[in-house]
Amino acid sequence: MSKPAEKPEVVQLPAEPQVAAPVNTRRAAAQRVREARDRLTSTSGTRPAFDTELLRQYAQTRISASYVVMLLVIATGVMFGVWMQPVPAAAWTIGVLCVHAAIIRNCRRFLAEPPSLAATRKWRTQFVLLDLLYGLCWTAVLMHPAGSDIVSNTLMMFLMLLVIAVSSMLAASLPIAALAATAPVTAAIALNFVLSGTFDNYVLALLAIAAEGYFALLAHRLHSTTLATLEARAEKDALIGELEQAKAISDEARHRAESANVAKSRFLAQMSHELRTPLNAILGFSEVMKSEIFGPHTVPVYKEYSADIHNSGVHLLNLINEILDLSRIEAGRYELNEEAVSLVHVVADCHHLLKLRATSRGITIHEVFEQGMPRIWGDERATRQIVLNLLSNSIKFTPQGGEIWLKVGWTASGGQYLSVKDTGSGIAEDEIPIVLASFGQGSNSIKSAEQGAGLGLPIAKSLIDMHGGTFTLKSKLRIGTEVIVTFPPERVMSALAPMAEEAPPLQPETVTVPADDKRRARNKPIMSAGTGL
């Protein structure tokens, strides 16, 4: 009996991670799709908005140059009236002016209407037809020259070039209209020269066609330049819109974050009483049980448990106090109770409080204080908290047998500084911003047996910032950490010189009054107001 064939093992290859398209690629793709859609809905191959804007520029240019065109028409009519019969010249002048007035009237009506795609197509067709009629009017007068001499030919070439140049410049925003206005004139002049049958006229016909091509190319270049300007302006407006939208989103997110932060601070401030009330009861009862005030425990382990409960409660109370202090600082509700404070005395007291803890870990603390330093104007509780946070961190992260230096002295600008330097494990340079942030902890603190909440350094930095000072942290791995806190010179209270004026006497001096003055004062009336005495 044959064995069934083994099923081949199918190994599924890991799918390649999808890489998000860059922002520039997505923007370029969206722009290409938008341009394709615009070309499909446009009559000129550009965006519909650009068609409307180009047509508006055409209308505005026509209106602004209306007096120049009228002057050209009248001057041509007068000149041909002198050379030819006045009545046909006057009729031609009136007819061209009527066509020009119709163009100006339609331009004003187009500018007064709201822009739309259907209206843009309609007005575009009307303008092209009016320009064609305008060019045919010029053709009518140029097809009947005054003579076949060189003066007439020169005059015809001059008028043709002038008409083509003016029409090309006025209709540069609408190249098809410029072609409709100039092509009949050029064709009429070239045909007139060709029918003359001379070599010179053939050359003039070629020059007329070349001039038409040159001005058509110039009009096309002007149209391209105008279109590029509109595209650049549209891109700028789109970029400004994106920036404004991003700014609005950023502002909204910032407002939400600020509202959430304020709500968090208010919640912590309101919960302070609810958290501390049961915690105080736990601390009090555990202290009574640990001290065996009402008698010894039957089981000695209960005393250790009570001590553990009390220590945990103290740790939790300190943590709650730090969180509440940080929330008050962030909410702007922490008020400084400023008074004259001796920085040296505060640092010495904090050293005395933590000396036993440092000694139990075999850490030596050195004091380097400058003598005779004046007091500073600040909050003693905040200053003490700054020193305790910095010194406790140094003790926590300094190994057994390490050393800590406490320095207090003058800064170069006349202020006072506090420096806490240890020989601990140090902090990586890229982790310094992390440890200075709220609840931030470095890799060494996470590995340490004595982990904290990561609030000591942020609270110390915030408190010194409220005093207008600076907070500097320098650290290197496996070398140590140094924190320098400075108070500005404005907070240093220099000793005042004694006053030079004499103090007033404690009792007023006795003045002896003569007997005559006493008698005169006794005889003086009590109420002497208005008596002149």
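**Rings and a charge**

I started with R62, which lies over the face of Y134, at 5.7 Å from the ring centre. I call a charge over a ring when NZ of Lys or CZ of Arg is within 6 Å of the ring centre and within 35 degrees of the ring normal.

A note on what I am reading: this is a predicted model, where local features need pLDDT of at least 70, side-chain atom pairs count only at pLDDT 80 or more, and totals for chains, interfaces and linings use all residues. Residues are numbered from 1 along each chain as its sequence is written, and side-chain values use heavy atoms, with hydrogens and water left out.

Next I asked how many aromatic pairs a search of the whole structure finds. It finds seven. Rings of Phe, Tyr and Trp (its six-membered ring) pair if their centres lie within 6.5 Å; planes under 30 degrees apart count as stacked, over 60 as edge-to-face and the rest as tilted.

One of the pairs is Y58 with F127, which is tilted, at 5.2 Å centre to centre and 55° between the planes. I liked that this pair links distant parts of the chain: Y58 sits in helix α2 (residues 48–64) and F127 in helix α5 (residues 117–142), 69 residues apart. Helices here are DSSP runs (H or I, at least four residues), numbered from the N terminus.

I checked burial too, with buried meaning under 20% relative accessible area, exposed over 50% and partly exposed in between (1.4 Å probe, protein chains only). Y58 counts as buried because its relative accessibility is 0%, and F127 is buried at 0% as well. Y58 and F127 also belong to one aromatic cluster with F110 and W123.

I then looked at Y214 and F215, an edge-to-face pair at 5.3 Å centre to centre and 75° between the planes. Y214 is exposed at 52%, whereas F215 is buried at 15%.

**Two helices**

I turned to helix α11 (residues 380–397) and helix α14 (residues 456–466), which pack at about 145° with axes 9 Å apart. The axes are lines fitted to C-alpha atoms over the stretch in contact, with angles from 0 to 180 degrees between N-to-C directions.

Which residues make the contact? On α11 they include Q385, I386 and L390, and on α14 they include L457, I459 and L463; contact means heavy atoms within 4.5 Å.

Among the buried residues of α14 I noted P458, A460 and I464. After α14 comes G468, with a positive phi near 80°.
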